[in-house]
Amino acid sequence: MTSAENRCSLCGEPAVVRLTEPERRLCAGHFIEDAETRVLVAMKHDRMISPGDRVAVGLSGGKDSTALLLLLHPILPTLGASLVAITIDEGIAGYREETLRAARDLTGELGVEHAIVTFADLFGKDLDAMLVGREAQGCTVCGVLRRRALGEAVKRTGATKLATGHNLDDEAQSVLMNVLRGDLPRLLQDTSTGQPGHFVPRIKPLAVLSEKEIVTYLLLRGYFRDLPECPYAGTALRSEVRTMLAGLEHRHPGTMLRLMRFRDGVRRSARSAEPAKALSTCRICGELTSGEVCQVCRLLGRDGE
Amino acid sequence: MQIILPDRSVRTLSCTSAPIEEILLEFGINPTTVIVVKNGKIVPEDVTATEGDELRILRFSHGG
């Protein structure tokens, strides 16, 4: 296709993207509008927001959470909800300083309230110190502790919902990973409903946009920053699944969306068949857990093992 | 045409015209994992690049 033929389906300006379902080419302005509309439609369809909600946006300062804050900032007031940004500073040298600066710049520019919770404050030491000698477990340890830290930040800010920047690629990768691990409970786990007194409902407004669409959106709006990658990033399985899915998506466009529909279908059929699983509270910290002691207390050695 | 790869190295291709998607695949790059900027403007990968064009390939990092 020549540059002269590559025109926006709506206005005839030069197109920046070609999208499918429905097939369309869009210029910069119409792509921004299209992405914002898709997010808003998904939020309304899934009833992510109720009037009076105080939504905490998990703002790492990276691309996805930056796009999330930019998108939610104008939308939430129209839905009768308010916004607060929360950032977890795990203490990862050479990585978190820059993303933290990006998060501060963005909330300052938009005039959004910003709460920062540090691992050092919550758990007594930062992630780098905890991982000395077991760096390979970085993602697992960080994932467990970050979830707890996000929960704590939600409590401190009085938020009623937690919005995270998970995109379509992240979500589709998780579905496939759960299938490959044979982890049906994890595939069925739905965090969008929350647990009264323990977890507020989680929402993922960006799950309708691919990683590529999010970066395109940020580039077009002038907010893309080439930030360093987390030194602990990527488990072997996720990295393999990412490459495999990217290949499939290229050869069979729509693969990731179809995986999400598959997961939703499995959840719908399983929900009516399976009784709710009983959860208890951790005997050490009192947080919700499936066993006697939660993962956070075990990781921090609070159980004496 | 000139290609600026994600690692910022610059390559020169001597062909007169080719679809960008083919150029990416020749470099072993999956088009879904990059954004292509042709002569300063983002373009879809099915657009053809011709002699004299500059293509910048942006790979977006993960872990954000």
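I started with the interface: chain A and chain B bury about 2100 Å² between them, 52% of it on carbon and sulfur atoms. Buried area here is the accessible area (1.4 Å probe) that two parts lose on being put together, summed over both. I noted that Met1(A), Lys212(A) and His250(A) supply 28% of what chain A buries against chain B, more than any other three residues.

For bookkeeping, this is a predicted model, with local features needing pLDDT of at least 70 and side-chain atom pairs pLDDT 80 or more, while totals for chains, interfaces and linings use all residues. Residues are numbered from 1 along each chain as its sequence is written, chains are lettered from A and ligands numbered from 1 in written order, and side-chain values use heavy atoms, leaving out hydrogens and water.

I looked up contacts (heavy atoms within 4.5 Å): 26 residues of chain A touch 23 of chain B. I found four salt bridges between the chains, a salt bridge being a side-chain nitrogen of Lys or Arg within 4 Å of a carboxyl oxygen of Asp or Glu. Arg8(B) and Asp226(A) meet in a salt bridge through their side chains, at 3.6 Å, N to O.

Next, the helices (DSSP runs of H or I, at least four residues, numbered from the N terminus). Helix 1 (residues 28–45) of chain A packs on helix 9 (residues 211–221) of chain A at about 130 degrees, axes 10 Å apart. Axes are lines fitted to C-alpha atoms over the stretch in contact, and angles run from 0 to 180 degrees between N-to-C directions.

Conventions:
Helices (H or I, at least four residues) and strands (E, at least two) are DSSP runs, numbered from the N terminus.
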